[in-house]
Amino acid sequence: MANITWKMEDGSEISADVKDGLNLMEAATANNVPHIEGECGGCLSCATCHVFVDPEWFARTGEVDDIEDTMLEMTDVEREDNSRLSCQIIASPELDGLVLHVPEPE
Amino acid sequence: MAAPVVIVGAGQAAASFISRHVALGNAEPLLLIGEEPHPPYQRPPLSKKYLLGELERERLFIRPLDWYAEQGVETRFDTRVDAIRPGDRQVITSTGEAIDYDRLILCTGSHARSLPAEMGGALPGVFTLRSIADIDRMAPEFQGGRKLLVIGGGYIGLEAAAVARQLRLEVTLIEMADRILQRVAAAETSDYFRKLHAGHGVELREATRMCRLLADDGRVCGAELESGEIIDADLVLVGIGGSPNIELALAAGLDCDNGIRVNTLCQTSDPGIYAAGDCCSFSRDGQQIRLESVQNAADQGDLIARVLAGEDVSYNALPWFWSDQYDCKLQIVGLNLGHDRTVVRPGASESSRSVWYYRGDRLLAIDAMNEPKSYAFGRKIIESGKNPAPETVADPATDLKALAMG
């Protein structure tokens, strides 16, 4: 279990306890986090679950592989150094307290 | 109380419509009616991870079951709608109940074509693949050592063949056309997947017609080919395409043409009725087309929510699609309809390449096999209306990112 917080650009927040093994795109849609769509179900084809990871947490969210790195080029809001596709971040106790910033497309 | 917006059919299009409606803060009440006992779920993993047993059922659900009530959306699953009465703005359920609607949204999807019963299509051991129930019936039969015959070399048949090989079944796949994927892809893409499946031990037979399935003791045991040859099988998967579910719409007098005809607002010939996803057809580049894809269902559902909220939008989304087979990730962007030329861009390894489709000088679509850069940057290139010369993209030295951003 990990408590995850999504912070929106308008300052609002959503927090939820996420079961180990779920990915954070699934967790976001289950908890009604806006702007996280996950149309492809987490198979790295749509880039609609883009988040910015709080910098102090970034390294702990795991490696960005080549496919994710490429797909991050297609996000609506341009990627930054701390960008991830949240379908590739898997909940685990080490991520308890993780903060994700949700970009808002124009 | 005002009649709700009623959504008939609980699939991807319905879930996307509801998600956008809720996100836009639209207060109009919603009622979702679905024939299956489940809330809207993702269908693509059915022929992949769900069939492999790697994904539990709840993780297929696009939103958790409780989510709908939490958003104030009324749901009735396990409920079939038998008729629409557009004059009364009502739908009639199979139990005879009349339900008023303010606007109606048809997300009735498509069904898998089956073989006629005269050909053995109704025999025990013969399956089609479209729903959770289909997989739940079929999965226990997917056991190592058994013989699977797949009829039809489209994406569903190929994905199921891949899963079957991973589970160590013996797999024969027959395709009546000259090549697998003939209807949807260029010969170069067919060649790639033929080689992939042959390399994983699938016996793949193209230009092969079947006359009938054979039964032993009331259960399918094989197929007789036109050549007279018999292929033994313990189970048969029929993957010969899908047909739109348009019976309700036809009976209600809505215009249909290989799907419920909709305009760029996803509105049918009755302005109070909209349609989205596999069940509808629409005009694109002067042709009436129908797409069976998550992208199309999701984007059309999303669009209808925006239309109802008064946004000035129209449907013009760029199609995209994917398929996973063994360790190959196929990603497709664009529509290759009407292409007259293809070029292949080699990838970094033997198992990666992309096929680029052109009509004249215009870039239409890309099939990217283990080649996400071609997909991601190709999508940007198509979206921006650029048409790089075929020779340019076929040259592996060309930097696609520079082409996309330039």
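## Basis of the description

Because the model is predicted, local features need pLDDT of at least 70 and side-chain atom pairs count only at pLDDT 80 or more, while totals for chains, interfaces and linings use all residues. Residues are numbered from 1 along each chain as its sequence is written, and chains are lettered from A and ligands numbered from 1 in the order in which they are written.

## Chain A as a whole

The secondary structure of chain A comes to two helices and five strands, where helices (H or I, at least four residues) and strands (E, at least two) are DSSP runs numbered from the N terminus. Along the sequence these elements follow the pattern β-β-α-β-α-β-β.

The C-alpha atoms of chain A fill a box of roughly 30 × 30 × 25 Å along the principal axes. Its radius of gyration, 12 Å, agrees with the value near 13 Å that a compact globule of 106 residues would have; the radius is taken over C-alpha atoms, and the globule rule is 2.2 Å times the number of residues to the power 0.38. Buried residues make up 44% of the 106 residues in chain A, a residue being buried if 20 or more other C-beta atoms lie within 10 Å of its own, exposed if 12 or fewer, and partly exposed in between, with C-beta atoms placed from the backbone.

## Chain B as a whole

Chain B has 11 helices and 26 strands. Its radius of gyration is 22 Å, close to the 22 Å that the globule rule gives for 406 residues, so chain B is as compact as a globular protein of that length. The C-alpha trace of chain B spans about 65 × 60 × 35 Å along its principal axes, and 47% of the 406 residues count as buried.

The domain assignment, which is automatic or taken from a database, divides chain B into domain 1 (5–111 + 243–308), domain 2 (114–238) and domain 3 (327–405). The centres of domain 2 and domain 3 of chain B, taken over C-alpha atoms, are separated by 30 Å. Six residues from domain 2 of chain B and eight residues from domain 3 of chain B take part in the contact between them, two residues being in contact if their C-beta atoms, placed from the backbone, lie within 7 Å.

## Where the chains meet

In the contact between the chains, 14 residues of chain A meet 21 residues of chain B. On the side of chain A that touches chain B, α1 (24–30) and α2 (66–71) of chain A each supply at least two residues. The residues of that side divide into seven nonpolar, four polar and three charged, with Ala, Val, Leu, Ile, Met, Phe, Trp, Tyr, Cys and Pro counted as nonpolar, Asp, Glu, Lys and Arg as charged, and the others, Gly among them, as polar.

## A parallel sheet in chain B

An open sheet of five strands in chain B has the order β3-β2-β1-β7-β19, with parallel pairing; two strands pair if DSSP finds at least two bridges between them. At the edges stand β3 (74–76) and β19 (273–275) of chain B, each with a single partner strand, so one side of each is left without a neighbour in the sheet. Neighbouring strands of this sheet are turned by 20° against each other on average, direction ignored.

Strand β7 (residues 104–106) of chain B is joined to β19(B) by three bridges, and Leu106(B) stands opposite Ala275(B) in β19(B). Helix α1 (residues 12–23) of chain B lies across β1 (5–8), β2 (30–33) and β7 of chain B, and runs at about 165° to β2(B). Axes here are lines fitted to C-alpha atoms, for helices over the stretch in contact, and angles run from 0 to 180 degrees between N-to-C directions.

## A hairpin and selected loop residues

Strands β4 (residues 81–85) and β5 (residues 90–93) of chain B pair in the antiparallel sense over four bridges, with Val81(B) opposite Thr93(B) in β5(B). The two strands form a hairpin with four residues between them, and Arg89(B) in the turn has a positive phi of about 50°.

Phe77(B) is found in the loop between β3 and β4 of chain B, and counts as partly exposed, with 16 C-beta neighbours inside 10 Å. Leu181(B), in the loop between β11 (170–174) and α6 (187–199) of chain B, has a positive phi near 60° and counts as buried, with 23 C-beta neighbours inside 10 Å.
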